[in-house]
Amino acid sequence: MKSLFFDSQVGYNAETGLPTYDRPASAADLREMTKKILNNGVYPNPSTNFQVFAHTAEMTVTVKPGVAWIEGAFCAEAEDRMLALQASETLDRIDRIVLRLDLSTNARKIDLYVIKGTAAASPIAPAITRNNTVYELCIANIFVAKNTTVVTGERITDTRMDSMVCGWVTGVIDQVDTTTIYNQYRDWLKITQTTWDEWWKGQQGGIEGYMLQSRYDTTNNGVVDNAELLGGKTEGQLSVDNAAKLGNQPPAYYAKKTEVDAAQTQADKGVSNAATAQGAANAAQTTANAAVCA
């Protein structure tokens with residue numbers, strides 16, 4: 001594991017006499033640490049940080065002072081910088097203005113450069129370089145019109161806000177990776193949803209039965225007493241199973257209740273028939289009595 005920074009114990013090489021250090025740290029170590037803290041880009045304040053403007057001279061642009069971080073390396077320009085573009089051609093082209101970090105031994109710096117594009121009928125901006133030695137941030141694209149002798153402001157496209165090629169230094173942490181906590185939340189949600197679905201499935205029978213009963217069987221006797229609400233398709237007595245759902249009683253209860261109700265109906269019919277017979281007898285008796293009196 002790499003850990004930084006600690007005071008070294010100084011020793012000396014027996015052959016050369018030069019000092020040696022047991023906790024050495026390099027500029028690369030510092031850059032590696034810093035780029036974990038600060039993202040690549042230029043600072044947004046002031047708004048002119050490394051902004052590119054047209055210059056009064058022919059085929060030149062001015063880059064305003066600014067501050068930037070590139071791969072953990074810091075740069076600051078305190079003065080206006082004037083950059084010259086190559087002459088226009090017979091076809092249009094797009095040049096780039098870049099901040100370039102160069103770690104090669106002969107360079108070891110960040111500076112401003114112009115990358116010349118390729119002239120074409122439909123020109124595109126040249127690629128920027130990003131590898132272990134050179135890393136570029138593009139701060140502007142310059143449209144160099146064919147056969148022109150001057151760069152004007154409308155030909156300059158500010159790319160400092162484009163995080164694909166430059167971007168702003170927005171803070172100590174540019175973006176929080178929430179993948180792990182999101183996956184944990186998603187797993188919890190799945191378990192919770194499954195538990196809820198199982199509970200709800202168990203409740204549906206009782207709820208549906210209650211709704212049927214409250215809507216179609218207000219007397220709680222297993223008989224639809226509001227049949228027109230069912231579209232006229234169901235009239236009279238429900239099936240034994242549905243009656244059980246409505247009345248919240250076991251099917252056997254309603255099966256026996258059906259038998260009792262049928263017997264009661266027959267008994268009621270018998271009573272009615274007996275009453276009819278008794279009425280007929282009474283009428284006959286009345287007729288007989290009238291005949292005697294006559």
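**Figure 1. Surroundings of Q51.** Not counting residues up to four places away in sequence, Q51 touches T62, V63, K64, D158 and R160; contact means heavy atoms within 4.5 Å. Q51 is found in the loop between β3 (41-42) and β4 (52-54). Strands (E, at least two residues) and helices (H or I, at least four) are DSSP runs, numbered from the N terminus. Q51 is buried, with a relative accessible area of 19%; buried means under 20% relative accessible area, exposed over 50% and partly exposed in between, with a 1.4 Å probe and protein chains only. This is a predicted model, in which local features need pLDDT of at least 70 and side-chain atom pairs count only at pLDDT 80 or more, while totals for chains, interfaces and linings use all residues. Residues are numbered from 1 along each chain as its sequence is written, and side-chain values use heavy atoms, with hydrogens and water left out.

Figure 2. F50 lies in the loop between β3 and β4 and is buried, at 1% relative accessible area. Its phi is near 55°, a positive value in a residue other than glycine. P46 also belongs to the loop between β3 and β4, and the peptide bond joining N45 and P46 is cis, with omega about -5°. Most residues other than glycine have a negative phi, and most peptide bonds are trans.

**Figure 3. Positive phi at N147.** N147 sits in the loop between β11 and β12 (156-158). Although N147 is not a glycine, its phi is positive, at about 55°. The residue is exposed, with a relative accessible area of 59%.

**Figure 4. F5 and P24.** P24 is in the loop between β2 (19-21) and α1 (27-35). The two residues, P24 and F5, are 19 residues apart in sequence, and their C-alpha atoms are 8.5 Å apart in space. P24 is exposed, with a relative accessible area of 60%. Leaving aside neighbours within four places in sequence, P24 is in contact with S8 and D29.

**Figure 5. E136 in strand β11.** E136 lies in strand β11 (residues 134-144) and is buried, with a relative accessible area of 2%. The side chain of E136 reaches the backbone nitrogen of T129 at 2.8 Å. Apart from neighbours within four places in sequence, E136 has contacts that include V98, L99, R100, I115 and V165.

**Figure 6. R100 over the ring of Y113.** R100, one of the residues in contact with E136, lies over the face of Y113, at 4.1 Å from the ring centre. A charge sits over a ring if NZ of Lys or CZ of Arg is within 6 Å of the ring centre and within 35 degrees of the ring normal.

**Figure 7. Cysteines without disulfides.** A search of the whole structure finds zero disulfides, a disulfide being a pair of cysteine sulfur atoms within 2.5 Å. For C75, the nearest cysteine sulfur is that of C166, 9.9 Å away. For C166, the nearest cysteine sulfur is that of C138, 7.6 Å away. C75 is buried, with a relative accessible area of 9%, and C166 counts as buried at 4% relative accessibility.

Note on methods:
Polar contact = N/O pair within 3.5 Å; in protein donor to acceptor, adjacent residues only side chain to side chain.
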